[in-house]
Amino acid sequence: LAQLKEEKLWQQNRQKEYHTALTDIIREYIELSFEIPAPELTSDEILSFLSGLRKENKPAYTALQQILQLADLVKFAKWSALPDENELSYTNAIEFINLTKAEETKEDDIS
């Protein structure tokens with residue numbers, strides 16, 4: 001994620017490339033952490049697989065939902081996101097990872 005931020009893609013009017021890279025990172029993380037084939041799934045399928053997060057960890061689910069929905073708009077509907085929206089997706093990616101890593105750690109501590 002840090003490398004993606006340094007590339008400043010959306011600031012160079014390369015929003016589609018930015019959101020594709022961001023969601024690729026998140027999808028790979030989901031695949032490794034939750035053992036679901038996220039790179040091959042649609043955004044809706046990923047959210048469906050992780051629907052349990054909606055109750056267990058609503059902030060993480062909401063962050064992921066924002067990232068995926070905005071990325072789909074930018075990539076498929078030729079949406080032009082605002083600078084704040086691009087920043088929010090990046091911030092939410094970090095938040096999602098931190099919140100779900102914390103959950104995994106808590107579960108490991110209980111075992």
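This is a predicted model: local features need pLDDT of at least 70, side-chain atom pairs count only at pLDDT 80 or more; totals for chains, interfaces and linings use all residues.
Residues are numbered from 1 along each chain as its sequence is written, and side-chain values use heavy atoms, with hydrogens and water left out.

A salt bridge was defined as a side-chain nitrogen of Lys or Arg within 4 Å of a carboxyl oxygen of Asp or Glu. The count by this rule is 1 salt bridge. Arg14 pairs with Glu17 in a salt bridge, with 2.8 Å between the closest N and O atoms. Relative accessible area was classed as buried (under 20%), exposed (over 50%) or partly exposed (in between), using a 1.4 Å probe and protein chains only. Arg14 is partly exposed at 33%, and Glu17 is partly exposed at 40%.

Asp24, Glu28, Glu31 and Glu40 form a negative surface patch. Patches consist of residues with over 30% relative accessible area and no salt bridge, like charges being joined within 9 Å; Asp and Glu count as negative, and the charge is placed at CG of Asp or CD of Glu. Accessible areas were computed by the Shrake-Rupley method with a 1.4 Å probe. Helices are DSSP runs (H or I, at least four residues), numbered from the N terminus.

Asn57 is located in the loop between helix 4 (53-56) and helix 5 (58-76). Asn57 is buried, its relative accessible area being 6%. A polar atom of the Asn57 side chain lies 3.4 Å from the backbone oxygen of Leu99. A polar contact is a pair of N or O atoms within 3.5 Å; within protein, one must be able to donate a hydrogen and the other to accept it, and residues adjacent in sequence count only if both atoms are side-chain atoms.

Most residues other than glycine have a negative phi. Asn13, which is not a glycine, has a positive phi of about 60 degrees; Asn13 lies in the loop between helix 1 (2-7) and helix 2 and is exposed at 66%. Glu35 likewise has a positive phi, near 55 degrees. Glu35 is in the loop between helix 2 and helix 3 (43-49) and is exposed at 70%.

Lys78 lies in the loop between helix 5 and helix 6 (83-110) and is exposed, with a relative accessible area of 77%.

Technical notes
Helices (H or I, at least four residues) and strands (E, at least two) are DSSP runs, numbered from the N terminus. Patches are made of residues with over 30% relative accessible area and no salt bridge: like charges are joined within 9 Å, nonpolar side chains (Val, Leu, Ile, Met, Phe, Trp, Tyr) within 5 Å.
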